[in-house]
Amino acid sequence: MNRASIFQRLRSPDEFIRHIPRVKENDILAAELRSSFIIKVQGDSMINAGIYDGDMLIVDSGTMPRNGNIVVVEFNDSLLVKKLYYENDTIFLISENPIYEPIQVKDTDCFFIKGVVRNVIREMN
C-alpha cells in the first residue's frame, strides 16, 4: 500500500472523534466523587506496580481496603503508598520495589488507612 492510499483511508479528526465513546468522571474515578482525592507520588517504592515518581493517584477513601490492595496510609507522620497485607492481627505495608523491606505495623505506630488507590494518571512527555 502506498503512502497516498494510507492517507486516503484516514478520515478527518472530527469524524474519528465522533466514534469515541464519552467517558464519565465516575468511570475514571471508579468511586464516588465526594469520597475521592488525588495525590502526587514521590519516590520509587511502587515501580513494580506501575506507579512512578510524579504520577498522580486517584484514591477512594470510601472503600474498605482488602488484603493486597494498594493503599495510601498515614504512618508515623508520613503519607505512604504501599500494598496492604494482613494476616491475623499483623499488618504489613509492602513496597513494590525489592530494595525496600516490608514495614510491620506495630501497636505503637500511628497508622491510618486514607484510601484505596483506584487509578494512576501519568503525564506523557
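The model is predicted, so local features need pLDDT of at least 70 and side-chain atom pairs count only at pLDDT 80 or more, while totals for chains, interfaces and linings use all residues. Residues are numbered from 1 along each chain as its sequence is written, and side-chain values use heavy atoms, with hydrogens and water left out.

To begin with the overall fold, the chain contains three helices and seven strands; these are DSSP runs numbered from the N terminus, with at least four residues of H or I for a helix and at least two of E for a strand. Along the sequence the pattern reads α-α-α-β-β-β-β-β-β-β. Of the 125 residues in the chain, 26% are buried, where buried means under 20% relative accessible area, exposed means over 50% and partly exposed lies in between (1.4 Å probe, protein chains only).

The seven strands form an open sheet with antiparallel pairing, in the order E1-E2-E7-E3-E4-E5-E6; two strands are taken to pair if DSSP finds at least two bridges between them. E1 and E6 are the edge strands, each pairing on one side only. Neighbouring strands of this sheet are turned against each other by 45 degrees on average, direction ignored. For such angles, axes are lines fitted to C-alpha atoms (for helices over the stretch in contact), and values run from 0 to 180 degrees between N-to-C directions.

Five of the six residues of E3 are buried, which leaves the strand mostly covered. On one side, E3 pairs with strand E4 (residues 78-87) in the antiparallel sense over six bridges. Val 72 has Val 81 of E4 as its bridge partner, and Phe 75 stands opposite Ser 78 in E4. E3 is also joined to strand E7 (residues 111-121) by five bridges, again in an antiparallel run, and here Val 73 faces Ile 113 of E7. As a reminder, side chains in a regular strand alternate between the two faces of the sheet.

E3 and E4 together make a hairpin with two residues between them. Asn 76, in the loop between E3 and E4, has a positive phi of about 50 degrees although it is not a glycine. Asp 77 is found in that loop between E3 and E4 as well, and its phi is near 70 degrees, a positive value in a residue other than glycine. As for accessibility, Asn 76 counts as partly exposed at 34%, whereas Asp 77 is exposed with a relative accessible area of 75%.

E4 supplies the largest share of the lining, four residues, and strand E1 (36-40) and E4 each contribute at least two. By class, the lining has nine nonpolar, three polar and three charged residues; Ala, Val, Leu, Ile, Met, Phe, Trp, Tyr, Cys and Pro count as nonpolar, Asp, Glu, Lys and Arg as charged, and the others, Gly among them, as polar.

A search of the whole structure finds one aromatic pair. Tyr 85 and Phe 92 form this pair, which is tilted, at 6.3 Å centre to centre and 35 degrees between the planes. Rings of Phe, Tyr and Trp (its six-membered ring) pair if their centres lie within 6.5 Å, with planes under 30 degrees apart counted as stacked, over 60 as edge-to-face and the rest as tilted. Tyr 85 is partly exposed at 35% relative accessible area, and Phe 92 is partly exposed too, at 24%.

Finally, Pro 98 sits in the loop between strand E5 (90-94) and strand E6 (103-105). Pro 98 is exposed, with a relative accessible area of 71%. Its C-alpha atom is separated by 8.8 Å from that of Asn 48, 50 residues apart along the chain.
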